[in-house]
Amino acid sequence: MTARHISVGARPAGATASTSLPPLKPELQALRQEAFDVVETLVGKYPGDPDALYSKAAVRNRFGDSDVAVACWKQCLKLDPKFALAHYCLGWHAFERGNYVDSINSLRQAVQLAPQIDHAYLLLARALMALGRTGEAEKPLLAHVRLAPRSVEGRFRLGQIYQAAGQVDKAKQYFLAALEIDPRCLAAQDGLADVLQEPPKAELPREIEAKSENAAPPQRNDNNKRFLAGREELREGLAFAHIDVGKVYGARGDWDAALTHWQRAAELVPRDTESRELLVMVYRQAGQLEKAIPLLEQLCGIDPGNAIHRINLGVLAGEIGRFEVAEEAFVKVQELIPGRHEGYAGLAKVYLSAGRDAAHAKQLAEKAVELAPAAENYYLLGKACLECGERQAAIAALQRAAELGRSNPVYRKALDDARAKIGEKP
């Protein structure tokens, strides 16, 4: 299998059935053409590379050119028959066109090669059910719900299967499980009403009536029927192209090219998070933290409820001495996740690094230890106690840190240094 990252549960981008692209106004045509040009450049640089071809397929499919996408997926499999994502995408493409036999064959290949693609199991089950092979759908559905603990559809379809088989208790169990996740799920409501009020039905419920192999394609979401035509959605599609192409360059060590594409994606969509997260990753690994800080601040503005962005901002700002930025970030982390230790430990570290407010740092470290009695938090508490002149308390905390983190020499050295200060032998 290639190095292509498997996005578990993600659908092939922008699946459509159309085979010709509509004309656009010049400005919009330029956006679409840029997307096509960047993937052609990628394929030209890495000829015969399945990942490059897969990126081309994803982008062309996103813009509605499914014929080119299918050809690319098939070419991926000629180059690498074990390319699971190509099997998955072909299976989805066949499913949405009512070609259930072809879909089953492709999806079975996908789950065999990459058992973690949870949505492939759901599609496989639905294709089997569409052909009336309901009993065969149970196993992939069970695999799907194990991998997707919040999947409503996986659970109500299991309920339908068990209802059709006359297994009322199991049917009730899965209908209730679906409703626990989404109380508005009509299929689960209907199924539960049936099993509670009526005897088991001999025929299949209407949602899983058997269809012939030549049945009409299933009804598609309106978003999958139309091409990208609006300015904003074209910009988003182009940003997707730059992000995906950048990942291929990055996977091959061409970080300059990857950065160029991700910067372009961030420019195209001011509220895009993925491009900014990727840029932060590269800048952080390269030690260019000053460049990462503004991106993290943007991410905090785009997604203010995301504590991870605040934690990353606090850590990086603290590392380069921007203590006010770090302090604000960790205070916000405490508000967002008051029951976790990261905000308290992070702020304690900021105060200790800045050489200020040791007493408050100690209180914060104590709270961090209370919430997560881990080695790193005892270490922070020990350092804070030392700053407060409480050497015996510091030794006790550092000793606990050294016990919990035996493989970390920093904790042992800090303990030995603290003991030496009071003349106590290690």
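Mentor: Let's take a helix pair and then a pocket. This is a predicted model, with local features needing pLDDT of at least 70 and side-chain atom pairs counting only at pLDDT 80 or more, while totals for chains, interfaces and linings use all residues. Residues are numbered from 1 along each chain as its sequence is written, and side-chain values use heavy atoms, with hydrogens and water left out.

Trainee: OK, at what angle do H13 and H14 cross?
Mentor: Roughly 155 degrees, and the axes of H13 (residues 274–285) and H14 (residues 289–302) come within 9 Å. Axes here are lines fitted to C-alpha atoms, for helices over the stretch in contact, with angles from 0 to 180 degrees between N-to-C directions. Helices are DSSP runs of H or I, at least four residues, numbered from the N terminus. So H13 is roughly antiparallel to H14 (over 145 degrees).

Trainee: Which residues of H13 and H14 make the contact?
Mentor: On H13 they include Leu 279, Val 280 and Tyr 283, and on H14 Leu 295, Leu 299 and Ile 302 are among them (contact means heavy atoms within 4.5 Å). The contact residues divide into nine nonpolar, one polar and four charged. Ala, Val, Leu, Ile, Met, Phe, Trp, Tyr, Cys and Pro count as nonpolar, Asp, Glu, Lys and Arg as charged, the others, Gly among them, as polar.

Trainee: Switching topic: which helix gives the most to the lining of the second largest pocket?
Mentor: H17, with six residues. H15 (307–319) and H19 (375–387) also give two or more residues each.

Trainee: And what classes are in that lining?
Mentor: The lining of the second largest pocket has eight nonpolar, six polar and five charged residues.

Key. Parallel < 35°, antiparallel > 145°, perpendicular 65-115°, else oblique.
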